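Please read it alongside the sequence and coordinates shown here.

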Amino acid sequence: MKKHLTATASGLVVAFGLSGAALACSPDFSGVTLKVGSQTGPFIASAMQAAGESWEKQTCGTVEVVEFPFGELYPKYLTAMVAGEAAFDVITFAPAWTPDFAPYLSEMPEKIRGTADWEDIAPVYRDRLMVWNGKHLSQTIDGDLHTLSYRLDLFNDPEEQAAFKAKYGYDLAAPETWDQYYDIAEFFTRPEDNLWGTAEAFRRGGQQFWFFFTHAASYTNNPNNPGSMFFDPETMDAQVNNEGWVKALEDYIRSVGYAPPGALNYTSGDIRTAFAGGQVAMNFDWGDTGTIASDKAQSQVAGSVGSAMTPGSTRIWNHKTNSWDTFDEPVRSPFMAYGGWQAAVPQSANNIDASWHYVEWASNPDNSGQAAVTGGSGVNPYRFSHFTNLDRWLKTFSEDEAKMYLAAQRGSLEAPNIALDMRLPGYFSYTEELEIELSKALSGQVAPKAALDAIAEKWNELTDEFGREDQLAAYRASMGLPPL
């Protein structure tokens, strides 16, 4: 892993170039060393290292990227910040953690905002996920939402198309509904050929619950009741055990049967390896599957990577009527899983000015744009300019692959019923309780409804513990709803 990380970061540095070389030490941060917290690479850490190396040449400062397993980031950051320790000058983290981190973060300098680079950031990130209590406390460094990847060599094969239509009665294509997704997964599950239908992240601590949430968004993010996916936005009662969520968990468990052996231990990184290695016909993931699988240096299926929005549903649960709402066409509810890595500067940082300068540097259009096309960087599109510079994408993707990838990313980002991740104080506690029961259900220890009932009970207890009125206000704000 370390060897891979070094190679990836090195490639990024070369790609980023030395655009600031002619302006060495401008601004001059000689003698300044920034400690940047990140999850264990290559994802995100390699991008932070690459930006750090080019920033060093520009400013004469030093960047040290300190890596930890994903599951350790939240407690390490929060413990240090609460204690006022200067353990980190920059932290990279999930937007969902902002409510807990906000009291300890410095506000983004005004000079960063209002520029052309600022306007280049998609509004859902710039105006929603980078803001808490009316203050810009973080900078998006990665655009995160789930999209579908599928094998064009399989889906476009005339013999496969004929066999599929004979069995299922409709044309083989990127699935528009989850029912189609499972037909396709079943069709391509061929252990004798070392081929399986799909792969999803199922491992506790391996970003598991975001994959479950993508299933749930299709059945619970009701356009008639905005903000009702996770909690009742009027009472803050947990909705995680309603019939929509039960259907989602039944689907999620069903996916295990069409995944490679040992898939219950898969993290998001493992599903990218499975797809790029030709083991699966499709998966859904952040944009990393697309960039890795399209890279001939990392993939056995390069040149054959299709992209689409995740499947939708013609039925979405209505918590007010306690019944299903039906729609004439599938409603797409792409889930902004995680919401994109963000970078922020703790108030306890040794040099706040230098830290914010590094954050701005790492996220500028050139550096972030190059990271977005580099497989393994963990950076996906979040700026308008990331979608418009096609030539940059053609260094890795074929033209067809690039156009499909960008259309799926942008189409999801601009979907009318896009589903936002929940953001509220104590998020980490809520997801810990969820993963405990989710893992039991995936392994067959408990039935889906029983697992979700247990989660709902725990979530309601946590809401009362944190303060129901405060949690309700935070939840409504995170879902873009006005105060009651």
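## Surroundings of Ile184

Ile184 touches Phe155, Phe164, Leu172, Ala173, Pro175 and Met282, leaving aside residues up to four places away in sequence, where contact means heavy atoms within 4.5 Å. Ile184 lies in helix α9, residues 178–188, and helices (H or I, at least four residues) and strands (E, at least two) are DSSP runs numbered from the N terminus. With a relative accessible area of 1%, Ile184 is buried; buried means under 20% relative accessible area, exposed over 50% and partly exposed in between, with a 1.4 Å probe and protein chains only. The C-alpha atoms of Ile184 and Ala122, which are 62 residues apart along the chain, are separated by 33 Å.

This is a predicted model, in which local features need pLDDT of at least 70 and side-chain atom pairs count only at pLDDT 80 or more, while totals for chains, interfaces and linings use all residues. Residues are numbered from 1 along each chain as its sequence is written, and side-chain values use heavy atoms, with hydrogens and water left out.

Helices α9 and α11 pack at an angle of about 15°, with their axes 11 Å apart; axes are lines fitted to C-alpha atoms, for helices over the stretch in contact, and angles run from 0 to 180 degrees between N-to-C directions. The two helices α9 and α11 are therefore roughly parallel to each other, given that angles under 35 degrees count as roughly parallel, over 145 as roughly antiparallel, 65 to 115 as roughly perpendicular and the rest as oblique. The crossing in which α9 passes α11 is left-handed, a term used if the near helix is turned anticlockwise from the far one by less than a right angle, with right-handed used if clockwise. In this contact, Trp178, Tyr181 and Tyr182 of α9 meet Asp251, Tyr252, Arg254 and Ser255 of α11. By class, the contact of α9 with α11 has four nonpolar, one polar and two charged residues, where Ala, Val, Leu, Ile, Met, Phe, Trp, Tyr, Cys and Pro count as nonpolar, Asp, Glu, Lys and Arg as charged, and the others, Gly among them, as polar.

Helix α11 (residues 243–256) also packs with helix α19 (residues 427–442), at an angle of about 55° and with the axes 10 Å apart. Helices α11 and α19 are therefore oblique to each other, and α11 passes α19 in a right-handed crossing. Leu249, Tyr252, Ile253 and Val256 of α11 make this contact with Leu438, Ala441 and Leu442 of α19. The contact of α11 with α19 has, by class, seven nonpolar residues, with no polar and no charged ones.

Helix α12 (residues 268–276) is mostly covered, with seven of its nine residues buried. These buried residues are Ser268, Gly269, Ile271, Arg272, Ala274, Phe275 and Ala276, and what covers them includes β7 (147–151), α10 (208–220), β8 (282–285), α13 (288–293) and β9 (305–309). Just after α12, Gly278 takes a positive phi of about 80°.

The largest nonpolar core has 152 residues, and those with the most contacts inside it are Trp97, Phe213 and Phe230. The largest share of this core, eight residues, comes from α10. A nonpolar core is here a set of buried Ala, Val, Leu, Ile, Met, Phe, Trp, Tyr and Cys residues joined through side-chain atoms within 4.5 Å.

## Trp55 and Cys60

Trp55 lies in helix α2, residues 45–59, and is buried, with a relative accessible area of 0%. Not counting residues up to four places away in sequence, Trp55 touches Phe29, Leu34, Cys60, Gly61, Thr62, Val63, Ala354, His357, Tyr358 and Trp361.

Cys60, one of the residues touched by Trp55, is found in the loop between α2 and β2 (62–68). Cys60 is partly exposed, with a relative accessible area of 31%, and has a positive phi of about 70° although it is not a glycine.

## Other backbone features

Most residues other than glycine have a negative phi, and most peptide bonds are trans. Asn194, in the loop between α9 and α10, has a positive phi near 55° and counts as partly exposed at 41% relative accessibility.

A cis peptide bond joins Ser26 and Pro27, with omega about -5°, and Pro27 is found in the loop between α1 (2–16) and β1 (33–39). Gly41 and Pro42 are also joined by a cis peptide bond, with omega about 15°, and Pro42 is found in the loop between β1 and α2.
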